[in-house]
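Q: Please show me how to read the features of this structure one at a time, with the general idea and then the case at hand.

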Amino acid sequence: MKLVDLTVTDFIETLGSDAPAPGGGSAAALSAAMGISLTKMVCELTIGKKKYAEFEDEIKLVFDETKALQDHLVKAIDEDTEAFNVVSAVFSMPKETDEDKAARRKAMQSALEGAAESPFRMMKLMVNALEVTQKAIGKSNTNAASDLGVAALNLKAGLQGAWLNVLINLSGIKNEEFVAQHRGEGEKLLAMGTALADEIYVETLKVV
């Protein structure tokens, strides 16, 4: 069964158990999915309201973007655990002969790259989600302004969590070009996203 099909209680229980997965990556994706869902909710509470008629078209576009991002981030909850499971499966590979050991090392490197790619892709989605959330500032229902702030906080937590999962997998990868590229781009995404989240939060404080 997919993680996203569990009840909230069952997911939390599984997350808090000694099961190796889900872990921090899936938790980061869930945090971000909740964040963009809050932005989507604010759009829902704005569209059709006379008070915000001048921003109707813009908020409808934001709403469409939130729907797509919500879908991608929900899928990422399971995708991250699936990537981790590939790493775990390598430990079950035979290691009796030199050929076995070589195949095991190769499989592990491939699995670790996949496990780093998953949260790295998440980071791109999360920065995009923060950019979309920022578009709603000052043009959406002020009664739900606090929800945009909470959206930014959830997205920021997801972004920072995803970055930690990128780093822990990069630490075991021997392909220096892969490591340098993902570390460099990841640092840029982290800086951009955290700055956006902080800006949204500060703007929210001015309204609530």
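**Reading the model, feature by feature**

Q: Where is Pro22 found?
A: Pro22 sits in the loop between helix 1 and helix 2, where helices (H or I, at least four residues) and strands (E, at least two) are DSSP runs, numbered from the N terminus. This is a predicted model, in which local features need pLDDT of at least 70, side-chain atom pairs count only at pLDDT 80 or more, and totals for chains, interfaces and linings use all residues. Residues are numbered from 1 along each chain as its sequence is written, and side-chain values use heavy atoms, with hydrogens and water left out.

Q: Is the peptide bond from Ala21 to Pro22 cis or trans?
A: As a general idea, most peptide bonds are trans. The bond from Ala21 to Pro22 is cis here, with omega near 5°.

Q: How many helices and strands are in the protein chain?
A: The protein chain contains 6 helices and 0 strands, and its elements, followed from the N terminus, run α-α-α-α-α-α. The C-alpha trace of the protein chain spans about 75 × 35 × 25 Å along its principal axes.

Q: Which feature does UniProt place at residues 7-185?
A: The UniProt record, an unreviewed entry, places "domain: Cyclodeaminase/cyclohydrolase" there; its positions are given in the numbering used here, feature names are shortened, and annotations may be inferred rather than shown by experiment. Over residues 7-185 the chain is 77% helix and 0% strand, with its end C-alpha atoms 35 Å apart.

Q: How should I read the packing of two helices?
A: Two packed helices are described by the angle between their axes and the distance between the axes. Axes are lines fitted to C-alpha atoms, for helices over the stretch in contact, with angles from 0 to 180 degrees between N-to-C directions. The axes of helix 4 and helix 5 come within 8 Å and cross at roughly 160°, which means that helix 4 is roughly antiparallel to helix 5 (under 35 degrees is roughly parallel, over 145 roughly antiparallel, 65 to 115 roughly perpendicular and the rest oblique).

Q: At what angle do helix 3 and helix 4 cross?
A: The axes of helix 3 and helix 4 cross at roughly 165° and come within 9 Å, so helix 3 is roughly antiparallel to helix 4. The residues of their contact divide into 19 nonpolar, 5 polar and 5 charged (Ala, Val, Leu, Ile, Met, Phe, Trp, Tyr, Cys and Pro count as nonpolar, Asp, Glu, Lys and Arg as charged, and the others, Gly among them, as polar).

Q: And how do helix 2 and helix 5 cross?
A: The axes of helix 2 and helix 5 come within 7 Å and cross at roughly 155°, so helix 2 is roughly antiparallel to helix 5.

Q: Which residues lie nearest the centre of the largest pocket?
A: On a 1 Å grid over the protein atoms alone, a pocket is an open set of points where a 1.4 Å probe fits, with protein on both sides within 12 Å along at least five of seven lines, and lining residues have an atom within 4 Å of a point. The largest pocket is lined by 16 residues, and Asp80, Phe84, Asn165, Ile168 and Asn169 lie nearest its centre. Its volume is about 250 Å³, a volume being the space filled by probe spheres set on the points, which are joined across faces, edges and corners. Helix 2 (24-44), helix 3 (56-90), helix 4 (98-135) and helix 5 (145-170) each supply at least two lining residues, and helix 3 gives the most, with 4. By class, the lining has 8 nonpolar, 7 polar and 1 charged residues.

Q: Which helix gives the most to the lining of the second largest pocket?
A: Helix 1 gives the most, with 3 residues, in a pocket that holds about 190 Å³ of space. Its lining residues include Leu3, Phe11, Leu30, Met34 and Val74, and they divide into 10 nonpolar, 1 polar and no charged residues.
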